[in-house]
Amino acid sequence: MTDSSVAALRAASGPVAPTRVWDLPTRLFHWALAVAVIGMIGTGLNGAMEWHFRIGYSVMALLLFRLLWGFVGGRWSRFGAFVYGPGSLAAYLRGRAHPDHLVGHTPLGALSVFAVLIILVLQVATGLMADDEISASGPLTRFVSGDIVSMATGWHKAQGKWIVIALASLHVLAVLFYVLVKRHRLVQPMVTGDKLFAPAANGQMAPSRDDAASRWLALVLFGLCAGVAWWVSSLRV
Ligand code: HEM
Ligand code: HEM
């Protein structure tokens, strides 16, 4: 986010008012995903395969949930709020972003969010079809050909593993850069849900819905996603 465009929204020294940007389900999703992905890298590298599988099904449930939440979640968690065209990205990089593009994920941030989500989906999908030819084989290996199992295992252990590690590290480094160097208040909103805007700008910022009904909806959806992940896990022989 460039400093000039942020200044329009953020009151650095003047009064500020909180706006709900990240609803509770998105925040819980984020921190659960962060812990689980670190767990997946740790268990994978250490060959702790039983836990690798257990946590892997949780990652699968979380990603399925985020996919649904991208359509029915709070305003700023919806994919529609952060699918940007090249024009928006260029405007953002030149410091002329539309004010709406500075509330949730910025055009640049959105790219990294999609990259992380897509590479994780790929890692889970290939994990489900991977086989270490000793004792650990994914629950879907018996439904696909040997060639696909080798390709999936190859990707999972080589490119996939390193891209996940690289993107997760880049994500954390980028957040640290924005927080420590650019002085943007990014992490608190992922904890409390609220961003602070100047009251004048705040009036125009429709907050994300985050009430009891939307939280119950999220719980039901997550239950369904966990059910699907559990069913996939039961296919393992
Ligand atoms: C491996 C660990 C992590 C993964 C896989 C991960 C993944 C993600 C994803 C998918 C999002 C998008 C949220 C959404 O819209 O659903 C996101 C956003 C975010 N993450 Fe992480 N995260 C990780 C660790 C961390 C850590 C350790 C921090 C804090 C230092 C952090 C801070 C943030 C912040 C501040 C955002 C919002 C960025 C914005 O305002 O656009 N993440 N992360
Ligand atoms: C976030 C998702 C995931 C990450 C980051 C991840 C990461 C890893 C890593 C680092 C390894 C070790 C590779 C090596 O030996 O060099 C590994 C191996 C493996 N993973 Fe995953 N994994 C994920 C999801 C899954 C899922 C969902 C499953 C299955 C349910 C799975 C099944 C396997 C199997 C069977 C191996 C052993 C492959 C072999 O040694 O031939 N993984 N994974």
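**Exercise 1.** Locate His105 in this predicted model and decide whether His105 is buried or exposed.

*Solution.* Step 1: His105 sits in the loop that runs between α5 (86–93) and α6 (107–128). Step 2: the relative accessible area of His105 is 15%. Step 3: buried means under 20%, so His105 is buried. Step 4: leaving aside residues up to four places away in sequence, His105 touches Trp22, Phe82, Tyr84, Ala110 and Val113. Step 5: Phe79 is 26 residues from His105 along the chain, and their C-alpha atoms are separated by 10.0 Å.

**Exercise 2.** Identify the protein donors of the iron atom of ligand 1 and classify the arrangement of the donor atoms.

*Solution.* Step 1: the protein donors are His30 and His171, each through NE2, lying 2.0 Å from the iron atom. Step 2: His30 belongs to helix α2 (residues 24–46) and His171 to helix α7 (residues 146–180), so the pair ties together parts 141 residues apart in sequence. Step 4: His30 has 19% relative accessibility and counts as buried, whereas His171, at 31%, is partly exposed.

**Exercise 3.** Describe how α2 and α3 pack.

*Solution.* Step 1: the axes of α2 and helix α3 (residues 49–72) are 9 Å apart, at an angle of about 150°. Step 2: angles over 145 degrees count as roughly antiparallel, so α2 and α3 are roughly antiparallel to each other. Step 3: their crossing is left-handed. Step 4: residues of α2 including Phe29, Leu33 and Met40 meet a set in α3 that includes Trp51, Ile55 and Leu62.

Note on methods: Residues numbered from 1 in each chain as written. Chains lettered and ligands numbered in written order. Predicted model: local features only at pLDDT ≥ 70, side-chain atom pairs only at ≥ 80, totals over all residues. Heavy atoms only, no water. Helix = DSSP H or I, 4+ residues; strand = E, 2+ residues; numbered from the N terminus. Buried < 20%, exposed > 50% of the residue type's maximum accessible area, 1.4 Å probe, protein only. Contact = heavy atoms within 4.5 Å. Donors = N, O, S within 2.8 Å, 3.2 Å for Na, K, Ca; no water. Tetrahedral: all angles 85-135°; square planar, octahedral: opposite > 155°, others 65-115°. Axes fitted to C-alpha atoms, helices over the stretch in contact; angles between N-to-C directions. Parallel < 35°, antiparallel > 145°, perpendicular 65-115°, else oblique. Left-handed = near helix turned anticlockwise from the far one by under 90°.
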